[in-house]
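Okay, hi everyone, let's get started.

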Amino acid sequence: MTQAATDAVRKQIFVEASQERAFTVFTQNFGDFKPREHNIMQSPIARTEFEPRVGGNIVDIAEDGSECRWARVLAYEPHERVVFSWDIGPDWQVVADPENASEDEVRFVVETPQRTRVELEHRNLDRHGPGWEAVRDGIATDQGWPLYLDRYAALFTEGS
């Protein structure tokens, strides 16, 4: 028997920053910690933009000007949480049908006025259909969400 929890990946990290700053850095500086090597376009990524509003996208913009809109912002609640779709399927290509996308919820929980717990839940992975386990396994490894979160946390120790 499989557990329902297997279709979700949960990670958390603590940052030495206020809830407001933790949220702002996550959304405004997403391209500073998203690994550029995580690229499904032909041309190298020049930058990644997080459009800070419901209906916005997370967009990789390549050096040749091409774009890959690989996520849709589903909830944007400064400074408490953001939810976005994960529109990349088991073949590591953008899914055509939004119903076949998983989603990420990132919560920013106040621990102290200058310390925030960042909780990430990547859920509904089974929506990707056959092979969804490859998505789960990829995002759970050290080269998945832990890499993103480590690079995100490093932004606070670098004085940015």
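I'll go from the overall picture down to a few single residues.

A word on ground rules. This is a predicted model, where local features need a pLDDT of at least 70, side-chain atom pairs count only at pLDDT 80 or more, and totals for chains, interfaces and linings use all residues. Residues are numbered from 1 along each chain as its sequence is written, and side-chain values use heavy atoms, with hydrogens and water left out.

So how confident is the predictor? pLDDT is its confidence in each residue, from 0 to 100, and here the average is 93, with 95% of the residues scoring at least 70. The part to treat with care is residues 1–5, where pLDDT stays under 50.

Now the layout. You'll find four helices and seven strands; these are DSSP runs, helices being H or I of at least four residues and strands E of at least two, numbered from the N terminus. Going along the sequence, the order is β-α-α-β-β-β-β-β-β-α-α.

What about overall size? The C-alpha trace spans about 45 × 45 × 30 Å along its principal axes. The radius of gyration, taken over C-alpha atoms, gets compared with a globule rule of 2.2 Å times the number of residues to the power 0.38. For 160 residues a compact globule would come out near 15 Å, and the protein has 15 Å, so the two agree.

Next, burial: buried means under 20% relative accessible area, exposed over 50%, and partly exposed in between, using a 1.4 Å probe and protein chains only. By that cut-off, 45% of the 160 residues are buried.

Let's zoom in on Ala75, in strand β4, which covers residues 67–77. Is Ala75 buried or exposed? Its relative accessible area is 11%, so Ala75 counts as buried. Contact means heavy atoms within 4.5 Å, and, leaving aside neighbours within four places in sequence, Ala75 touches Val54, Arg81, Val82 and Val83.

His79 sits in the loop between β4 and β5.

Trp92, in the loop between β5 and β6, has a positive phi of about 60° although it isn't a glycine. Trp92 is partly exposed, at 34% relative accessible area. Asn124, in the loop between β7 and α3, is also no glycine and has a positive phi near 60°.

Terms used
pLDDT is the predictor's confidence in each residue, from 0 to 100.
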